[in-house]
Protein chains: 2
Amino acid sequence: MANAPTEAASLTPVILGPKTSRGEKTRQRILDAAERDIGGRGFSDASISTITQEAKVAQGTFYLYFRSKEDILRELVLRMGRRLRRHLTLATTGLTDRLEIEKRGLAAFLSFVRENPNLYRVVAESQFVDEETYRRYYHDFANNYRQALETAADAGQISPGDAEVRAWALMGLSDFLGRRYALWDRETPIEAVVDGAFALMAQGMAPGAAR
Amino acid sequence: MANAPTEAASLTPVILGPKTSRGEKTRQRILDAAERDIGGRGFSDASISTITQEAKVAQGTFYLYFRSKEDILRELVLRMGRRLRRHLTLATTGLTDRLEIEKRGLAAFLSFVRENPNLYRVVAESQFVDEETYRRYYHDFANNYRQALETAADAGQISPGDAEVRAWALMGLSDFLGRRYALWDRETPIEAVVDGAFALMAQGMAPGAAR
């Protein structure tokens, strides 16, 4: 990716507007509006006109910061990734044991999805608008996750195992539990879901193991 | 769902055409074309005109069998679910041990995704066209899965645990591994992925467990 500057340039949204703190506030306001608008009505029904109305800025202001609706969707996916990572980091600060981090991280992820229901739609829709952005979103997560699992296995905090397979398997586990228990069902207590899922990821389902 | 006939009726595509074997062949040909077309270029770019061209039938023939592009997408999701279930059933015929079924089933799922790369796009796009169809696709799978896990736990083939949470967690595990190792990466041997994932689902990651 680092060897493909042209492609990378076309994928990375450029901050076009003035980099003043006031400009940055306007930019964030447009992003917030786009998240609600695209998350709520979907990418094809959302428009630059509905986004700028929602953000209470003139339509021309949009183009000071973004090139197109596709451009702002890419930026939303990147922002969502940064926000989720920050949320997970804060939720697990001070913890050193990997299994403890997994458990706390899953709870934090589920609560994040309940608070940010637009996450799924915006990220999922990006696969049909710009698949590279979508793949990169998951690959970036998986790379960090794989490294953390390798470090934990080296330290004996978890058993040895294929860290890349584990990373994707556990991302999928969180993703589907997020859909089922945070996006579609907002009532089941998150703790119960986390307990069940943590037992699976820590002990597996084989009978007779100590648990 | 059984108590909501009106809703169910509006969700279930009606076979409009003559139920002759020739009519059924034409219908399947249109479905095959729609799968390639929607899977390849996406729902918004696919059209009834491109689908009927691909199927080599007159455009009016489409309306003998389907009401709209939305209608055929719904039917494709249902067909994909049936096809995947049949594939998994065939792959695990004769097996009685749940963990063995899980392992063989995961391998069968990954090979199914490699052979049917349109699966993901068609199912994933349905969430933006008809979310109820999309949810039902996963809920139907989860219901069957949950019952199988409960039966296996009762029989002592797997440890006791929250079968609903396990079902969604394991569907997510398969889904993401399918994306990573069957859809995006068509070269990594499936056996290696299955071994790593099976170790996780059977034994978990806690250190010191017998494995």
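## Ground rules

This is a predicted model, in which local features need pLDDT of at least 70, side-chain atom pairs count only at pLDDT 80 or more, and totals for chains, interfaces and linings use all residues. Residues are numbered from 1 along each chain as its sequence is written, chains are lettered from A and ligands numbered from 1 in the order in which they are written, and side-chain values use heavy atoms, with hydrogens and water left out.

## Chain A at a glance

Chain A has 10 helices and zero strands. Here helices (H or I, at least four residues) and strands (E, at least two) are DSSP runs, numbered from the N terminus. Follow the sequence of chain A and you read α-α-α-α-α-α-α-α-α-α.

Of the 211 residues in chain A, 53% are buried. Buried means under 20% relative accessible area, exposed means over 50%, and partly exposed lies in between (1.4 Å probe, protein chains only). As for contacts (heavy atoms within 4.5 Å), take those in chain A with a separation of 6 or more: 70% of them involve residues 24 or more positions apart.

## Two copies, one axis

At the interface, 46 residues of chain B are in contact with 46 residues of chain A. The copies meet through the same surface, because 100% of the interface residues of chain B are also interface residues in chain A. Between them, the chains bury about 4200 Å², 70% of it on carbon and sulfur atoms. (Buried area is the accessible area, with a 1.4 Å probe, that two parts lose on being put together, summed over both.) On the chain B side, Phe176(B), Trp184(B) and Met205(B) lose the most area to chain A, together 21% of what that side buries.

## Rings and charges

A search of the whole structure turns up 17 aromatic pairs over all chains. Rings of Phe, Tyr and Trp (its six-membered ring) pair if their centres lie within 6.5 Å; planes under 30 degrees apart count as stacked, over 60 as edge-to-face and the rest as tilted. One such pair is Tyr134(A) with Trp184(B): the ring centres are 6.1 Å apart and the planes are at 85°, so this pair is edge-to-face. The pair crosses between chains, from helix 8 (residues 131–154) of chain A to the loop between helix 9 (163–183) and helix 10 (190–203) of chain B. Tyr134(A) is buried at 4% relative accessible area, and Trp184(B) also counts as buried, at 14%. Both belong to a cluster linked by ring pairs, together with Tyr137(A), Tyr138(A), Phe141(A), Trp168(A) and Phe176(B).

A charge sits over a ring if NZ of Lys or CZ of Arg is within 6 Å of the ring centre and within 35 degrees of the ring normal. The charged end of Arg85(A) sits over the ring of Phe141(A), 4.8 Å from its centre, while Arg180(B) lies over the face of Tyr181(B), at 4.2 Å from the ring centre.

## The nonpolar core

In soluble globular proteins, nonpolar side chains tend to be buried together. In this model, the largest nonpolar core has 126 residues, and Leu177(A) and Leu177(B) have the most contacts inside it. A nonpolar core is a set of buried Ala, Val, Leu, Ile, Met, Phe, Trp, Tyr and Cys residues joined through side-chain atoms within 4.5 Å.

Leaving aside neighbours within four places in sequence, Leu177(B) is in contact with residues including Val165(A), Trp168(A), Ala169(A), Leu106(B) and Leu110(B).

Glu125(A) counts as buried, at 9% relative accessibility. Not counting residues up to four places away in sequence, Glu125(A) touches Ile38(A), Gly42(A), Phe43(A), Leu73(A), Tyr120(A) and Phe128(B).

Arg186(B) lies in the loop between helix 9 and helix 10 of chain B. At 43% relative accessibility, Arg186(B) is partly exposed. Arg186(B) and Arg114(B) are 72 residues apart in sequence, yet 6.9 Å apart in space, C-alpha to C-alpha.
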